Amino acid sequence: MRSSLLELLAPSVCPACDSPRRPGTPRLCDLCRSQLIPLRLLRGVPTALAYEGTGAELVQRFKFDGRRDALCVLLEPLIERVAELRVDSIVPLPRHPERVRELGRDPVYELARALTKRTRLPLESGVLRRTRATPPQTGLSPRARRTNVAGSFAARPGTLEGRRALLLDDVITTGATLAAAASELRRMAKPHTVLPLALAGTPALLSGGLALL
Ligand SMILES: [Zn+2]
């Protein structure tokens, strides 16, 4: 958000490591590009990138520092995934207003907005809301995560009737939050289908004994 217009037009550093970058070269430096790991699916949820190496660095810079140059890089693989999923609207996974206040912004909403600008799909930000602020999922078991988020979403009745809705989140670990939100959307908003998509997935789970679907 704080990036200057000049920086957007002619970025001078690598968005992931801030090493100097010559105009006309790819945004990411060679080293960061080599450490950007695609991830297509985590626990049955389509994803764009692994949340490690350059992927994790870019997500954190966008999410916590508001780096628009990091967002630009992240958007590209996400747009490819959206095109494959053939959806007709995008629903950002809502944060509780309390969480948005804590961080000062809502990164998933910003991601969804940037995505809808590029794909020209409608942004359905009023369809789903968070009814209570759930404690952070970090450190909880998969079962505790499901309990933690159960009943924490409310969708407006009939608002997505017949639509193929994409439900977007930034980083997923077990997918419990996305699953709870998708189930509430399906139940109340009556879409034709809800397709979850996460920008990045935490592949630590792959070695943690949890099955990758
Ligand atoms: Zn770099």
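First, the conventions. What we see is a predicted model, in which local features need pLDDT of at least 70 and side-chain atom pairs count only at pLDDT 80 or more, while totals for chains, interfaces and linings use all residues. Residues are numbered from 1 along each chain as its sequence is written.

The chain contains eight helices and seven strands; helices (H or I, at least four residues) and strands (E, at least two) are DSSP runs, numbered from the N terminus. Its radius of gyration is 17 Å, close to the 17 Å that the globule rule gives for 213 residues, so the chain is as compact as a globular protein of that length. That radius is taken over C-alpha atoms, and the rule is 2.2 Å times the number of residues to the power 0.38. Along the principal axes, the C-alpha trace spans about 50 × 40 × 35 Å.

Of the 213 residues, 37% are buried. A residue is buried if 20 or more other C-beta atoms lie within 10 Å of its own, exposed if 12 or fewer, and partly exposed in between, with C-beta atoms placed from the backbone.

Let us now consider the helix pairs. Helix 4 (residues 68-85) packs with helix 6 (residues 107-119) at an angle of about 60°, their axes lying 10 Å apart. Axes are lines fitted to C-alpha atoms, for helices over the stretch in contact, and angles run from 0 to 180 degrees between N-to-C directions. That angle makes helix 4 oblique to helix 6: under 35 degrees counts as roughly parallel, over 145 as roughly antiparallel, 65 to 115 as roughly perpendicular and the rest as oblique. On the helix 4 side, L71, L75, L78, I79 and V82 meet A114, L115, R118 and T119 of helix 6; two residues are in contact if their C-beta atoms, placed from the backbone, lie within 7 Å.

How does helix 3 pack with helix 4, and at what angle? Helix 3 (residues 53-65) and helix 4 pack at about 130°, with axes 8 Å apart. These two helices are therefore also oblique to each other. Here L58, V59, R61 and F62 in helix 3 meet A70, L71, V73 and L74 in helix 4.

Finally, I draw your attention to L42, in strand 1 (residues 41-42). L42 is buried, with 24 other C-beta atoms within 10 Å. L42 and L199 lie 157 residues apart in sequence and 11 Å apart in space, C-alpha to C-alpha.
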